[in-house]
Amino acid sequence: MNIQVLPDHKLSSVAPLKSCNVEKKEVELILVKDQNGVQYTSSTIMPTPSTHGTPCTAEELEERETWGKKIDFLLSVIGFAVDLANVWRFPYLCYKNGGGAFLIPYILFLVIAGMPLFYMELALGQYNREGAATVWKICPVFKGVGYTVIIIALYVGFYYNVIIAWSLYYLFSSMTSELPWLHCGNAWNSPNCTDPKLLNGSFLGNGTSYAKYKMTPAAEFYERGVLHLHESRGIQDLGMPRWELVLCLVAVVFLLYFSLWKGVKSSGKVVYITATMPYVVLFVLLIRGITLPGAMDGIRAYLHIDFKQLNDPKVWIDAATQIFYSLGAGFGVLIAFASYNKFDNNCYRDAILTSTVNCVTSFFSGFAIFSVLGYMAYKHGVRIEDVATEGAGLVFIIYPEAISTLPGSTFWAIVFFIMLLTLGIDSSMGGMEAVITGLSDDFKILKKNRKLFTFATAFGTFLVALFCITNGGIYVLTLLDNYAAGTSILFGVLIEAIGVSWFYGVDRFSEDIERMMGFKPGLYWRLCWKFVSPTFLLVVVIASIVTSTGLSYDDYVFPSWSNVIGWGVALSSMMFVPIYAIYKFLSMPGTFKQRIAYCITPEHEHHLVAEGATIRQFTVSTDVGSSFEPVC
């Protein structure tokens with residue numbers, strides 16, 4: 001066999017070879033290569049039949065596809081992490097939880113938990129060059145958590161694409177000389193529709209905030225013109241999908257398909273537009289917003305500092321959950337994206353850069369949002385708190401209404417909804433790529449037929465999403481939004497962190513990073529991975545369960561059976577963790593302790609377990625009843 005010994009400075013570029021069934025002595029030689037910097041060329045690895053399975057195929061020894069350019073990867077990660085929540089959730093959370101004071105727990109959780117988890121997932125994917133499921137060859141018993149995050153990413157696609165379809169519908173509706181939500185008198189308006197010019201502090205003196213008043217033209221356009229909510233009595237009365245939204249959803253799904261069908265070579269180019277456009281639009285909206293009367297009042301309300309709010313545990317819970325969901329750890333997307341990096345890419349720098357950009361974007365977007373909210377409060381003679389809101393109510397009711405009163409309102413509406421469209425598309429692309437990469441790495445037939453599998457995935461999300469664009473579809477969307485990626489994703493990342501830090505081992509993980517980049521992570525990162533991040537996630541999981549309440553949408557309270565269905569959706573993904581662990585244990589040969597060893601030992605070291613050799617986790621003694629003793 002031909003071997004090539006690399007100089008010391010090249011040792012970090014040696015990638016781990018894909019696990020496959022080769023003759024035992026050859027496996028041992030490959031391990032020596034991995035530890036001592038000896039690298040085979042592809043042509044010198046000669047697979048031989050194994051008594052434990054099939055020989056390696058040419059496909060298994062192929063080099064993995066990589067990003068065309070480094071910027072493709074960075075923009076893809078930023079595009080995925082920076083989504084609608086950065087615009088419609090963070091600014092309101094910051095405002096209601098003490099303004100500038102909220103940044104204290106937010107930045108704290110970013111540093112001690114958000115960035116370490118972000119870094120961990122990028123390094124995990126880049127070193128192993130696998131998707132969310134097969135990356136667990138490092139500790140096979142945890143492969144179930146890979147399936148958990150893949151299923152969650154799929155569930156999110158069911159309803160997230162619907163929100164993008166709404167944005168597309170609004171975009172098309174904006175292409176008129178007069179925006180359709182400016183006045184009453186349209187076919188969808190109710191007899192109680194009230195001209196916004198008549199609404200002021202005295203009119204709303206009954207305790208109803210302007211943001212909650214549902215009889216403005218903008219509110220009725222959203223709830224009656226787009227959702228047709230008035231035609232449904234609840235989640236049990238869905239009706240048929242609306243054809244206008246079906247067409248918008250078809251357009252979104254086709255856009256996703258043609259962005260992903262060729263892998264990162266195609267998606268890496270789409271993000272040049274989808275990841276950068278929101279920044280251009282946010283900047284333009286901010287410049288326009290600060291010129292409006294009342295804008296400074298809105299910005300002052302956004303930045304006001306109230307340290308007393310920090311005494312409320314809910315503020316800390318909000319900060320913890322926001323930083324977690326904002327960065328997007330746990331959906332399998334970061335692992336999938338990083339798996340297409342070059343082996344010696346500096347993912348440490350990438351993690352710091354992209355997570356920082358994401359959080360700065362959240363803070364910056366608040367200025368564009370609250371300058372307009374200040375204008376709305378000034379225009380109607382109400383307080384900022386009366387117009388401040390979050391979620392769909394902000395981007396589909398309050399902000400569009402404010403835009404409709406500006407000169408050149410059609411232009412501003414088109415620009416705004418293009419921003420929402422691009423914010424949503426690249427995040428949805430990331431989620432779908434996590435599903436495609438995660439499953440195609442696990443099932444080679446899917447990888448060979450990537451275009452067909454991509455189409456099947458996109459079409460499957462389209463079919464389920466049809467339930468969300470019926471007359472009562474908003475209730476289905478609300479249920480999925482609360483349960484599909486709530487406690488379940490927190491649980492998934494908690495198990496992931498435990499698997500990497502405590503079973504695979506922080507020391508071994510740090511050695512993997514050193515092989516890639518030439519340096520080990522510092523003590524701070526190792527402490528965060530082993531203690532701080534798992535503790536943080538455990539607290540957030542408990543808090544999410546304790547604070548969980550029955551579902552509601554405005555004044556509508558969901559029936560109890562819908563909450564049962566919601567928890568069923570959540571458990572349907574979480575159950576893969578214990579079920580796969582049991583399956584893996586029962587499918588392993590040997591005694592009870594040997595099976596445990598196989599389950600928690602990296603796959604490329606399984607032959608050491610069989611031989612009774614000393615491995616990282618255990619000493620195996622096959623001649624005395626297969627006793628296992630931890631190795632310090």
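**Figure 1. Gly157, a buried residue of helix α6.** Gly157 is buried, with a relative accessible area of 13%; buried means under 20% relative accessible area, exposed over 50%, and partly exposed in between (1.4 Å probe, protein chains only). Gly157 lies in helix α6. Along the sequence, Gly157 and Val435 are 278 residues apart, and in space their C-alpha atoms are 9.9 Å apart. Before you go on, please note that this is a predicted model, in which local features need pLDDT of at least 70 and side-chain atom pairs count only at pLDDT 80 or more, while totals for chains, interfaces and linings use all residues. Residues are numbered from 1 along each chain as its sequence is written, and side-chain values use heavy atoms, with hydrogens and water left out.

**Figure 2. The whole protein chain, as a setting for the close-ups.** The protein chain has 26 helices and six strands. Helices (H or I, at least four residues) and strands (E, at least two) are DSSP runs, numbered from the N terminus. Of the 632 residues in the protein chain, 59% count as buried. If you take the contacts between residues at least 6 apart in sequence, 79% of them join residues at least 24 apart; contact means heavy atoms within 4.5 Å.

**Figure 3. The largest nonpolar core and Phe396.** A nonpolar core is a set of buried Ala, Val, Leu, Ile, Met, Phe, Trp, Tyr and Cys residues joined through side-chain atoms within 4.5 Å. The largest one here has 198 residues, and Trp166, Tyr222 and Phe396 have the most contacts inside it. Helix α6 (residues 143–173) gives the most to this core, with 20 residues. Look around Phe396: leaving aside residues up to four places away in sequence, Phe396 touches Trp88, Ile163, Trp166, Ser167, Tyr170, Ala218, Tyr222, Phe417 and Leu420.

**Figure 4. Ala218 in helix α7.** The place of Ala218 is in helix α7, where Ala218 is buried with a relative accessible area of 1%. Not counting residues up to four places away in sequence, Ala218 touches Trp181, Phe396, Ile397 and Glu401. Ala218 and Ala402 are 184 residues apart along the chain, and their C-alpha atoms are separated by 9.5 Å.

**Figure 5. Helices α6 and α8 cross.** These two helices pack at an angle of about 115 degrees, with their axes 8 Å apart. Axes are lines fitted to C-alpha atoms, for helices over the stretch in contact, and angles run from 0 to 180 degrees between N-to-C directions. α6 and α8 are therefore roughly perpendicular to each other; angles under 35 degrees count as roughly parallel, over 145 as roughly antiparallel, 65 to 115 as roughly perpendicular and the rest as oblique. The crossing of α6 with α8 is right-handed: a crossing is left-handed if the near helix is turned anticlockwise from the far one by less than a right angle, and right-handed if clockwise. On the α6 side you can find Asn161, Val162, Ile164, Ala165, Trp166, Leu168, Tyr169 and Phe172, which meet Glu244, Leu245, Cys248, Leu249, Ala251, Val252 and Leu256 in α8. The residues of this contact divide into 13 nonpolar, one polar and one charged. Ala, Val, Leu, Ile, Met, Phe, Trp, Tyr, Cys and Pro count as nonpolar, Asp, Glu, Lys and Arg as charged, and the others, Gly among them, as polar.

**Figure 6. Helix α8 meets helix α19.** Helix α8 (residues 243–260) packs with helix α19 (residues 450–465) at an angle of about 155 degrees, and their axes are 10 Å apart. α8 and α19 are therefore roughly antiparallel to each other. Their crossing is right-handed. From α8, the contact is made by Val246, Leu249, Val250, Val253, Tyr257 and Leu260, and from α19 by Arg450, Lys451, Thr454, Phe455, Ala458, Phe462 and Ala465. Ten residues of this contact are nonpolar, one is polar and two are charged.

Figure 7. Most residues other than glycine have a negative phi. Arg129 lies in the loop between α5 (103–128) and α6, and is buried, with a relative accessible area of 10%. You will find His228 in the loop between α7 (217–226) and α8. At 18% relative accessibility, His228 counts as buried.
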